Amino acid sequence: MGSVDPERDPDPGRRARLIAAASSALSAMRAGHDDGALDAVADAVDAAPNSHTDARELMLLLFSECSTMVSALGSGGSAPVKMQVYDDEGREVPIDEADPPVRTAVRTLLAEVHGDTDAAAAQIEIALSSADPGEMALLVAQALRWTLRLSEECVNRDLPVPEWILAS
């Protein structure tokens, strides 16, 4: 159930298309246009030959990049990284009390950080098959926000960030 292996992907343009969509969405979000970011993702996924696969792969791309940046921020995995979840009032809550899209985002990122790409893909598949469109939009927005925040922190600490994220 893991992500599509780029070497075996029947759609050779998928990775470039996903990076372009993610980059466009990150640019919109960086400019404060969250709706524009979500529209960029929706347009790219809807135009894809296999929208379900592209939706999954786009989210896995973002979470994978977040995982890489979390590891860099955690001294290559040698220092622990704490994840906190907050409710609408700003109080820290256990992950199981968070809204479903936030729970999915945290579980997906944790799976990626721990190298379990199949578990990460399973979380995304569950969301794609059972979440309503609003919840999916929140999940994508969370992945985009984390990508931006983590990339900014990596830049501030002079840690590597993928060029396509920096350019967005």
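**Close-up 1. Helices H3 and H6 cross with a left-handed sense.** H3 spans 51-73 and H6 spans 133-156; helices here are DSSP runs (H or I, at least four residues; strands are E, at least two), numbered from the N terminus. The two pack at an angle of about 30 degrees, with axes 9 Å apart. For such values, axes are lines fitted to C-alpha atoms, for helices over the stretch in contact, and angles run from 0 to 180 degrees between N-to-C directions. This is a predicted model, in which local features need pLDDT of at least 70 and side-chain atom pairs count only at pLDDT 80 or more, whereas totals for chains, interfaces and linings use all residues. Residues are numbered from 1 along each chain as its sequence is written, and side-chain values use heavy atoms, with hydrogens and water left out.

**Close-up 2. Who meets whom where H3 packs on H6?** From H3, the contact (heavy atoms within 4.5 Å) includes Met59, Leu62, Phe63 and Cys66. H6 answers with residues including Leu139, Val140, Leu144, Trp146 and Cys154. By class, the contact has 15 nonpolar, 2 polar and 1 charged residues. Here Ala, Val, Leu, Ile, Met, Phe, Trp, Tyr, Cys and Pro count as nonpolar, Asp, Glu, Lys and Arg as charged, and the others, Gly among them, as polar.

**Close-up 3. The largest nonpolar core holds 47 residues.** Such a core is a set of buried Ala, Val, Leu, Ile, Met, Phe, Trp, Tyr and Cys residues joined through side-chain atoms within 4.5 Å. Buried means under 20% relative accessible area, exposed over 50%, and partly exposed in between (1.4 Å probe, protein chains only). Phe63, Leu139, Leu144, Trp146 and Trp164 have the most contacts inside this core. Helices H1 to H7 each give two or more residues to it, and the largest share, 11 residues, comes from H3. Take a look at Trp146: leaving out residues up to four places away in sequence, Trp146 touches Phe63, Cys66, Met83, Ala105, Val106 and Leu109.

**Close-up 4. Cys66 and Cys154 are in no disulfide.** A search of the whole structure finds 0 disulfides (pairs of cysteine sulfur atoms within 2.5 Å). For Cys66, the nearest cysteine sulfur is that of Cys154, 9.7 Å away. Cys66 counts as buried because its relative accessibility is 0%, and Cys154 is buried because its value is 0%.

**Close-up 5. Arg103 sits in helix H4.** With 22% relative accessibility, Arg103 counts as partly exposed. Beyond residues up to four places away in sequence, Arg103 touches Ile95, Asp96 and Ala98. Its C-alpha atom is 24 Å from that of Ala21, 82 residues apart along the chain.

**Close-up 6. Tyr86 and Asp158 belong to loops.** Tyr86 lies between H3 and H4 and is partly exposed at 45% relative accessibility. Setting aside neighbours within four places in sequence, Tyr86 is in contact with Arg91, Glu92 and Val93. Asp158, in the loop between H6 and H7, is exposed at 72% relative accessibility. Check its backbone too: phi of Asp158 is near 60 degrees, a positive value in a residue other than glycine.

Methods. Left-handed = near helix turned anticlockwise from the far one by under 90°.
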